[in-house]
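Below are some notes on surface charge and ring contacts. Please read them alongside the coordinates.

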Amino acid sequence: MATTTTVQEAASDAAIDVFLRIRPSKNPSTYFERDEIDDNKIRFKVPVDQSTVNNTRTHYGYEFNGVLDERASQKDVFQAVGVPVTKNVLDGYNSTIFAYGQTGSGKTFTITGGPARYEDRGIIPRVISTLFRTMNNAIQSRYSCYVSYLEIYNSSGFDLLVKDHGNNVTADGRIPKVTMLEDEYGAFHFKGLSMHLVSSEEEALDLLFVGDTNRAIAATEMNQNSTRSHCIFTIMLEKRQVGCDTVTRSKLNIVDLAGSERVSRTNSAGQILKEAKYINSSLFFLEMVIVALYEKEKKGKNVHIPYRNSMMTSVLRDSLGGNCKTIMIATISPESQHTDESISTCNFAQRVKCVKNKASVNEEIEPELVIERLKAEVRRLKEEVTFLSGKNDEDGEYSNELSEEDIRELTKSIEAYVQNRDEHCHLDFCGGITIPKMHAICSIFKDKLLFAQRNEGSANDTTLNVNHELSPPNTYESDENSVTRETVAPAVPSNDTRNVSRDRNKLPKSKHRAEVCGVPLCKDNKILDDPANAFAWFKERYPGLAAIESSKNELKTKYNEAKSTGAKIEELKRKISYHESMVNEEADPSQAQFHSHVAEAEKRVYKNALGKLRELKGTIEGIQKVIETGRLKLQKDFDTWYTASQQSSPDQAESSHEDEELTTPKLPISSTTKPTMQQSLPSTSLTGSPPPPQQVEDNSPAEFKLPPGIKLTGNKEADDDIIAFFRAKDLLLSRASSKYR
């Protein structure tokens, strides 16, 4: 069994953080206001009916860890709630976010987001994006990520990510139930709940939208798309540090609770009434757990915590009073008719705020990693003992001669060693450690480093680039000094291992054209002088352009499909409204029943169309991200290519050489005569001070004629520099003409 290592500093009591989010409204109530001094406090002042004696409480005050008012965006919510939770999960802590409030107050919008705009993404998509961005950038850690999606509908559990959903429905139209089992240690396990290994952000988002499509939704008088179940989206992480024997496991539960509702206000009936009863009863059991924990913390009572009363409280057992860092988001509607529900939500939030959890990092030692590390250590020590005892030649296994096969094996071992990110890894000598192998390994390292420098064109780079191909594609022409790239073995006498490394300067230069980012360098200055033309030239030859264009075409197709689906949904809404109105207006019961059946059928079609639209939304968001990533990479690669093309341009090199000559021109000095003052060259610096007039008599602008079309600026220093430049040019031209005479 794995041994659990608990970090003692992390096992400290921490109260649950509670945030309040106020839904935007066109008609907000004047019954509540934020505190003028502390923005995290709000006050309710409920008016009293003066016609009768009324001694009920009218003033309420609440304090939260943060208040997200009507102006708060989804990004603000994620910064306040999602970022700390994401960091906790990556650090190895179990974490939970759950949203609580009345129906229609914005819980589902906060957790999963809205379909209208990309900026309306909820906490779950943003957490997934942040997690995978961090995991992909990690160098010394390897992560494994698993996802599950549990729905609690009418006090029964269902797996929203079940495969082949259409062929796994039961007689009542639901997917198979998830059963909950408790082991001897008090931990709960779920039978029938699938865990999906995901390796990218796109895979996780696809599973999220599949689960949202399968979720139970119905229309009520208070919410057109009211969720009729509690949903728990769980992300499990396994982190393994490179060179470490432990594995850190953590999980994040993101809970979207169904909204509490008063049946008298929603006028529910039939199946919706039944769902409302189960929702309210499960929320009542949740409040019982919170009250018990509140009494235990505040009053010090030894009370029983009724976790087993419902499936939802059993699932949230660790999140409420256990090994977890929990954040609650209380959502309220600011309208005056919902004031009593808002006060009830705030009262519940204050009790949750008093609950304390004991969170610790979940680290376990993996025996497999320990065994693997110890075996490698034993193997290395045996090789060292064999080498130090001088027994490596007794059986004739090792000799001073290294074959081509030995060189190939050492080369592969070096490549594996360079690519291994473990700072404690050791180089495999492919057997015993011998002096010839040491010389050969040093030579191979040197050869590959020189080849990498020559291939990358950076002689100052002393690091071995492991990303490029370590073996060249072709074999050089054979002569007595040639070396094959396939074996990196020299054609030398086998008893001289010090000559494994050859002089790479004798190798023929590569015949293929230099490329940067997969595009050949441009030598045409007419193209390079205009960045727009250069970009068009680069874009035509860019290898990733086809993928970007393909994504754009796919995005256009999905846009059109989503547009037609949206139009279909609007048409279905009109039909449903018509048939529902006819049910109330028809005097004939048979006609009323007919319209009722048609309305139910249209609702089923509407639900399927809505699920399809959500799926299209996820696909469109993914394609948009791919296009944006490709566009940024195209721009970055063009900047790199453009700079390299300018530096490699022959005209650019000649221009640089010419500028150097103009800056410091030199005259041949005779060995028998000294140059006179008239023979000396005046200063030609384009940025320095002009030469003193007493040294050069003909330095004034009036005594030197500038070429036609060249005008002076009126600034003395600038004019002197211009004159000095053309003096130097005339002198160089006269020297060149006299040379050819």
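1. Glu615 sits in helix 15 (residues 589-648); helices are DSSP runs of H or I with at least four residues, strands are runs of E with at least two, and both are numbered from the N terminus. Together with Glu202, Glu203 and Asp206, Glu615 makes up a negatively charged surface patch. Helix 4 (residues 201-214) supplies the largest share, three residues. Patch members have over 30% relative accessible area and no salt bridge, and like charges are joined within 9 Å. A salt bridge here is a Lys or Arg side-chain nitrogen within 4 Å of an Asp or Glu carboxyl oxygen.

2. The model is predicted: local features require pLDDT of at least 70, side-chain atom pairs require pLDDT 80 or more, and totals for chains, interfaces and linings use all residues. Numbering starts from 1 along each chain as its sequence is written, and side-chain values use heavy atoms, without hydrogens or water.

3. There are 13 aromatic pairs (ring centres within 6.5 Å; planes under 30 degrees apart are stacked, over 60 edge-to-face, the rest tilted). Tyr149 and Phe233 form an edge-to-face pair, with 5.2 Å between centres and 90° between planes. Tyr149 is in strand 9 (residues 141-153) and Phe233 in strand 16 (residues 230-241), 84 residues apart. Tyr149 is buried at 2% relative accessibility, and Phe233 at 0% (buried is under 20%, exposed over 50%, partly exposed in between, with a 1.4 Å probe and protein chains only).

4. Phe538 and Trp641 form a tilted pair, with centres 5.1 Å apart and planes at 45°. Phe538 belongs to helix 13 (residues 531-541) and Trp641 to helix 15, so the pair ties together parts 103 residues apart in sequence. Both residues are buried.

5. Ring pairs join Phe538 and Trp641 into a cluster with Phe535, Trp537, Tyr542, Phe638 and Tyr642.

Terms used. Patch = residues over 30% accessible without salt bridge, like charges linked within 9 Å, V, L, I, M, F, W, Y side chains within 5 Å. Areas by Shrake-Rupley, 256 points an atom, 1.4 Å probe, with all protein chains shown as cover. Lys, Arg positive; Asp, Glu negative; His and termini not counted. Charge placed at Lys NZ, Arg CZ, Asp CG, Glu CD. Phe/Tyr/Trp six-rings, centres within 6.5 Å; stacked < 30°, edge-to-face > 60°.
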